[in-house]
Amino acid sequence: MARQNFGGFGGANMQQLMRQAQKMQQQMTEAQEKLDAMEYEAASGGGMVQVKVSGKRELTSITIDPQVVDPEDVEMLQDLIQAAVNEALRKGEEAREATMSRMAPGMGGMF
C-alpha cells in the first residue's frame, strides 16, 4: 500500500507544525496572562480625579478629591462612577467580541 505525502506535509512535518502551533498558543496564553496582570493609572483635573484599570479592562479604583464635590457624597459618587465605567467597558468588550466573531467565524474567543 502506497503512503500518501499530502503535498509535502508528511507525518514528521505535520508533527513539527503541531508543535509550533502549540508553542505559539502557549506564548499567546502567557502574554495574555501578563497583560491581564498589568495595572494602568490616569489622572484628570490636575490630579483631582485618579483612576486605575486592570489589564482585564476593568476599573479597579477611582479617587476624587473632596474639593471637587460635597464631601458627604464622595463615596457614593465613587461607587456610581466605578459601576458605570465597568459596565461601559463590559458592553464595549462584548461588542468587540461580537464584531470580531462575525469577521472571523470559527475563531471565537481568540480576540
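## Burial and overall make-up

A residue is called buried when its relative accessible area is under 20%, exposed when that area is over 50%, and partly exposed in between, as judged with a 1.4 Å probe and the protein chains only. By this definition, buried residues make up 8% of the 111 residues in the protein chain. The structure is a predicted model, in which local features need pLDDT of at least 70 and side-chain atom pairs count only at pLDDT 80 or more, while totals for chains, interfaces and linings use all residues. Residues are numbered from 1 along each chain as its sequence is written, and side-chain values use heavy atoms, with hydrogens and water left out.

The protein chain holds 2 helices and 3 strands, where helices (H or I, at least four residues) and strands (E, at least two) are DSSP runs numbered from the N terminus. Read along the sequence, these elements follow the pattern α-β-β-β-α. With contact taken to mean heavy atoms within 4.5 Å, residues 24 or more positions apart account for 14% of the contacts in the chain that have a separation of 6 or more.

## Surface and helix H1

The accessible surface of the protein chain comes to about 9000 Å², and 57% of this surface belongs to carbon and sulfur atoms. Such areas come from the Shrake-Rupley method with a 1.4 Å probe, and for residues only the protein chains shown count as cover.

Helix H1 covers residues 11–37 and includes Met18, which counts as partly exposed at 47% relative accessibility. Together with Met14 and Leu17, Met18 makes a nonpolar surface patch of about 270 Å². Patches are made of residues with over 30% relative accessible area and no salt bridge, like charges being joined within 9 Å and nonpolar side chains (Val, Leu, Ile, Met, Phe, Trp, Tyr) within 5 Å; a salt bridge here is a side-chain nitrogen of Lys or Arg within 4 Å of a carboxyl oxygen of Asp or Glu.

## The three-stranded sheet

The 3 strands form an open sheet in the order S1-S2-S3, with antiparallel pairing. Its edge strands are S1 (39–44) and S3 (59–64), each of which pairs on one side only. Neighbouring strands of this sheet are turned by 15° against each other on average, direction ignored; the axes behind such angles are lines fitted to C-alpha atoms, for helices over the stretch in contact, and the angles run from 0 to 180 degrees between N-to-C directions.

Two strands are said to pair if DSSP finds at least two bridges between them. S1 and S2 pair in the antiparallel sense over 6 bridges, and in this pairing Glu41 stands opposite Lys52 in S2, while Ser44 stands opposite Val49 in S2. S2 and S3 are likewise antiparallel, over 5 bridges; here Lys52 has Ser61 in S3 as its bridge partner, and Val53 stands opposite Leu59 in S3. In a regular strand the side chains alternate between the two faces of the sheet.

Strand S2 spans residues 49–54 and contains Ser54. Ser54 counts as buried because its relative accessible area is 14%. Leaving aside neighbours within four places in sequence, Ser54 is in contact with Met38, Glu39 and Thr60.

Most residues other than glycine have a negative phi, and most peptide bonds are trans. Arg57 is partly exposed, since its relative accessible area is 45%.

Helix H2 runs over residues 74–103 and includes Ala83, which is partly exposed at 45% relative accessibility. Ala83 and Glu58 are 25 residues apart in sequence, and their C-alpha atoms are 9.9 Å apart in space.

Asn86 is also found in helix H2, and at 12% relative accessibility Asn86 counts as buried. Leaving aside neighbours within four places in sequence, Asn86 is in contact with Glu58 and Leu59.
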